[in-house]
Amino acid sequence: MGHRKKSAPRRGSLAYRPRGRAASIVPTVKTWPEISVDKPSLLGFAGFKSGLIHIITMDDREKTPNFGKPVFNAATVIATPSIFIHGIRVYGRDHDGLFVLGDAKDLSEKMGKRLKVAEKALKRIEGILDKVVKMSAIVEVYPKGAGLSQKKPIIFEIGVGGGDMKSRFEYLKGIMSKEVKINEIIKPGTYIDIIGITKGKGFEGPVTRLGIKRKSHKSRKSVRAVATLGPWHPASVMYTVPRAGQRGYHQRVEYNKKVMVVSNSEEEEITPKSGFPHFGVVDGDYVIVKGSVPGPAKRLIKLRLPLRPPKVKIQPPKILEISVRR
């Protein structure tokens, strides 16, 4: 620690490195969970962050002092318009890892060559199912379905689990060119992983970015800079030294967020009288998740079935009141 008289813990976590800007505003799901069920299903969904509300629930955690008592919780509303199944993509594996074996695109074309090409691709995939190690659905989500102004759809992949490869292929073939709703994938009381891009804060110095102490006015002319970047030799700055740089707009994953409500605005209105700040009115399907969600309002959030599910009893939450500002 140089001339210091006392040791001190380092400033800033090294868990998230490099702290650079995310490559895209659409988060990337690198791993999909393995589920041991007979019936195939999509392993995730997508939505748009709407805003924060409060809910009063009956605590169902048996080993806590508040068990059976009403608890005041923060919760986040996520607008989840239907997703359109655009196609199928299958992967094989070799010594270099996964690679695309083939894909089949939308069958909803009116007439012409594209429909014949899609049918031919489906037959080709069906013939090489013994080489397939991973299968995913190519889906589209329309921000306009959540009340946003963007007309262009967001296209990405969602993993498929359950059953064997043949049953997964038949499942995707059956829902291809159709819409899937949130209540078909996620149920109240279950746990999900939230993947999103956090709010961007721009370029920040080491005091704000990593929490180092401001120097004394007797130390140097600079107050908010790092005291020393390292020793004379080796003449290089190590990655552990706090430096200025990007803060925010990072991809983050929050594990095991409890789903409180899966509903529709026609069944139960959730929008405050003045609308959600910076979002507006939630019109259509939505999901309420306990706790906070990364990112600002209107940002795309991916919902994934839990990668490491908690060993707790899954039961629908007992909601006493949903507190929405009127």
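A residue is called buried when its relative accessible area is under 20%, exposed when this value is over 50%, and partly exposed in between. The legends below apply these words to a predicted model.

**Figure 1. The salt bridge between D59 and R61.** The side chains of D59 and R61 meet in a salt bridge, with 3.0 Å from N to O. D59 has a relative accessible area of 6%, so D59 is buried. R61, at 44%, is partly exposed. Side chains of opposite charge can pair when their charged atoms come close.

**Figure 2. The salt bridge between D60 and K258.** A salt bridge joins the side chains of D60 and K258, again described by its N to O distance, 3.0 Å. This pair links distant parts of the chain: D60 belongs to the loop between β2 (44-58) and β3 (70-79), whereas K258 belongs to strand β12, and 198 residues separate the two. The relative accessible area of D60 is 26%, so D60 counts as partly exposed. K258 has a value of 12% and is therefore buried.

Figure 3. E204 and R247 meet through their side chains in a salt bridge of 3.9 Å, N to O. Distant parts of the chain are linked here too, for E204 is in strand β10 (residues 200-204) and R247 is in strand β11, 43 residues apart. R247 is partly exposed, with a relative accessible area of 30%. The structure holds 8 salt bridges.

Figure 4. Most peptide bonds are trans. R17 and P18, however, are joined by a cis peptide bond, with omega at about 0°. P18 is placed in the segment before β1 (41-42). A cis peptide bond also joins H233 and P234, where omega is about 0°. The position of P234 is in the loop between α3 (206-210) and β11 (245-248).

Figure 5. Most residues other than glycine have a negative phi. N256 is not a glycine, yet its phi is positive, at about 55°. This residue, N256, is part of strand β12. N256 is partly exposed, because its relative accessible area is 25%. H278, also a residue other than glycine, has a positive phi near 65°. The loop between β12 and β13 contains H278. With a relative accessible area of 71%, H278 is exposed.

Figure 6. E267 has a relative accessible area of 66%, so E267 is exposed.

**Figure 7. The nonpolar surface patch of L14, M238 and Y239.** Together, L14, M238 and Y239 have about 320 Å² of accessible area and form a nonpolar patch on the surface. L14 is located in the segment before β1. The relative accessible area of L14 is 35%, so L14 is partly exposed.

**Figure 8. The setting of the close-up views within the protein.** The secondary structure comprises 3 helices and 15 strands. Of the 326 residues, 43% are buried. The protein exposes about 19500 Å², of which carbon and sulfur atoms supply 53%.

Notes:
Residues numbered from 1 in each chain as written. Predicted model: local features only at pLDDT ≥ 70, side-chain atom pairs only at ≥ 80, totals over all residues. Heavy atoms only, no water. Buried < 20%, exposed > 50% of the residue type's maximum accessible area, 1.4 Å probe, protein only. Helix = DSSP H or I, 4+ residues; strand = E, 2+ residues; numbered from the N terminus. Areas by Shrake-Rupley, 256 points an atom, 1.4 Å probe, with all protein chains shown as cover. Patch = residues over 30% accessible without salt bridge, like charges linked within 9 Å, V, L, I, M, F, W, Y side chains within 5 Å. Salt bridge = Lys/Arg side-chain N within 4 Å of Asp/Glu carboxyl O.
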